[in-house]
Amino acid sequence: MKIKRALAFSLAVFVSFSSLSPSLAMGLAEERQLGRRASAAVERQYRACEDPALEEYLNSLARKLTTALGPSPFPVSVKVLSDSSINAFALPGGWLYLTTAIFDNMASEEELAGVIAHELSHVYGRHIMNRLDKADSVQAATAAAIIAGLLLGMAVDADLGMAAMAFGSAAGETQMLAYSRADEEDADRRAVKALKTAGYSGWGMIRVMEKLKRVSATPEGYPAYLLTHPEPEARITYLERELGPEPAKSPEEPYSPFDLALARSSSFAGNEWARAAAMAKAQKHREECLSAIGAAALSRGRGEFGPAEKFLAEASSSCGDNPRFIHEEAMLKAARGEISASRALLEKIISQNPADFAAIKSAVRLACEAGDFKEAKILLEKFEAGGGAWDKLIYYKGMALGGLGLTSEGFALLGEHYAYSDPPLALNYYRKAIAGPLDAERKEALKKEI
């Protein structure tokens, strides 16, 4: 079964890359396209979490770190994948992924920020693309195997020999294109600088590496992360020198936004051990607002609406107008089919903060499901005006425009959304778009896409 997944992944990425030019020497625009194709292939094989509150927490951390790193070459998106392999990786063009397994093994925002900062630094350093550019023998036809090779651990756990066979003649190049010691040191040093500028100690990076080393002592738990991020011992040594003495461990802190994010990730993955641990922590701090939200989200994720409602009711006086509390109330009402009440709560959040991207994402989805495309369009315009990034933005714009009677424009946007994740469906939408009243230039562009 694992090898079948590896072959399916390799083939999916191969198909996605088959239209690239023979040379892989790319500029930033081409690199972004490459990453988008690879991202679509990853999300065909692994379920990505679409919890707006979790997405926005992760992206807020990324924004904080990109501010410290300097202007980003790409828009950055951080997502969680449901997978039991311990892994985190950055695709070309700004897509970062964490598996639920690595998330479950983190103990603090300091550790999470360390992983995100390191992966962001690979994006800033364009390490994958630089190594691809240097590999003269690598053509577009082998790009699929290269990217798949960088994700070997996600595809087949520890059986690397069989994985190499599955990826065929590109296996040697794949190994060569794993991050080098120089890449790792460059990413580490960029990450340390960014973490300190953002207010972290930087020691979270070391703590995560030590955890990965301990897990790697057992073959069945070999972290996929260590397949593409070599030399953990050497990295720990120079990082300790650079960071200085480890800060004293502080007494247990209140339930934090990190704990809430961990609860949301645990609920999404369905890992009973992780879910039980997250619920125990939420119950321990149940007098705190965020812990009640975490407990409610965990209960809602299992369809236990009664307990979820009870957790929120108990916290209503302490939470007040906390937007995350109101958002969880809205999501619970939506899960129970109370769509109008859910939308009213989300509108309350947005009226107070027009740049609350998590609430806007949820409100757009509910507006489209209710057929209120005019409201969806207004919300999407607010989202874009606020500078939000969302991989479903084009999809919902297409739905809203189509629902408002601008069907050709709507079909064109839906085609763009599905271009790499479902090419036959994209082709169908493009053909519908050019059959309608589009201007000549737009039609010509779509014909080229077809």
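In this predicted model, E56 counts as buried, because its relative accessibility is 10% and the limit for a buried residue is under 20%. E56 is found in helix α3, which covers residues 52-69. If neighbours within four places in sequence are left aside, E56 is in contact with R63, F357, A358 and K361. One of these partners, F357, returns below as a member of an aromatic cluster.

The protein as a whole can now be placed around this residue. The protein has 26 helices and three strands. Of its 450 residues, 52% are buried. Among the contacts with a separation of 6 or more, 67% are between residues 24 or more positions apart.

The next topic is how helices pack. Two packed helices are described by the angle between their axes and the distance between the axes. Helix α16 (residues 272-284) and helix α17 (residues 289-301) pack at an angle of about 145°, and their axes are 8 Å apart. The crossing in which α16 passes α17 is left-handed. On the α16 side, the residues that meet α17 are R275, A278, M279 and A282. Their counterparts in α17 are S291, A295, L298 and S299. By type, the residues of this contact are five nonpolar, two polar and one charged.

Individual residues show how this contact is built. M279 lies in helix α16. M279 is buried, because its relative accessible area is 14%, under the limit of 20%. Not counting residues up to four places away in sequence, M279 touches A295, L298, S299 and F311. Along the chain M279 and S299 are 20 residues apart, and their C-alpha atoms are separated by 8.8 Å.

Is S299 buried or exposed? S299 counts as buried, since its relative accessibility is 1%. Apart from neighbours within four places in sequence, S299 is in contact with R275, M279, E304, P307, A308 and F311.

A276 is another residue of helix α16. A276 is partly exposed, because its relative accessible area is 44%, which lies between the limits of 20% and 50%. A276 and L298 are 22 residues apart in sequence, with 9.2 Å between their C-alpha atoms.

Helix α22 (residues 373-385) and helix α23 (residues 393-403) have axes that come within 8 Å and cross at roughly 145°. Here too the crossing is left-handed, with α22 passing α23. From α22 the contact takes F373, A376, K377, L380, F383 and E384. From α23 it takes L393, Y396, K397, M399, A400, L401 and G403. These residues divide into nine nonpolar, one polar and three charged.

F383 and Y396 from this contact also belong to one aromatic cluster, together with F357, W390, Y395, F411, Y418 and Y429. F357 is the residue already named as a contact of E56.

A pair of aromatic rings is described by the distance of the centres and the angle of the planes. The count of aromatic pairs in the model comes to nine. One of them is the pair of Y418 and Y429, which is stacked, with 6.1 Å centre to centre and 20° between the planes. The pair links distant parts of the chain, for Y418 is in helix α24 (residues 407-418) and Y429 is in helix α25 (residues 423-434), eleven residues apart. Y418 counts as buried because its relative accessibility is 19%, under the limit of 20%. Y429 also counts as buried, at 17% relative accessibility.

Aromatic rings also take part in another arrangement, in which a charged group sits over the ring. The charged end of R32 sits over the ring of W95, at 3.9 Å from the ring centre. In the same way, the charged end of R189 sits over the ring of Y238, at 4.9 Å from its centre.

Key:
Residues are numbered from 1 along each chain as its sequence is written. This is a predicted model: local features need pLDDT of at least 70, side-chain atom pairs count only at pLDDT 80 or more; totals for chains, interfaces and linings use all residues. Side-chain values use heavy atoms; hydrogens and water are left out. Axes are lines fitted to C-alpha atoms, for helices over the stretch in contact, and angles run from 0 to 180 degrees between N-to-C directions. Helices (H or I, at least four residues) and strands (E, at least two) are DSSP runs, numbered from the N terminus. A crossing is left-handed if the near helix is turned anticlockwise from the far one by less than a right angle, and right-handed if clockwise. Contact means heavy atoms within 4.5 Å. Ala, Val, Leu, Ile, Met, Phe, Trp, Tyr, Cys and Pro count as nonpolar, Asp, Glu, Lys and Arg as charged, and the others, Gly among them, as polar. Rings of Phe, Tyr and Trp (its six-membered ring) pair if their centres lie within 6.5 Å; planes under 30 degrees apart count as stacked, over 60 as edge-to-face and the rest as tilted. Buried means under 20% relative accessible area, exposed over 50%, partly exposed in between (1.4 Å probe, protein chains only). A charge sits over a ring if NZ of Lys or CZ of Arg is within 6 Å of the ring centre and within 35 degrees of the ring normal.
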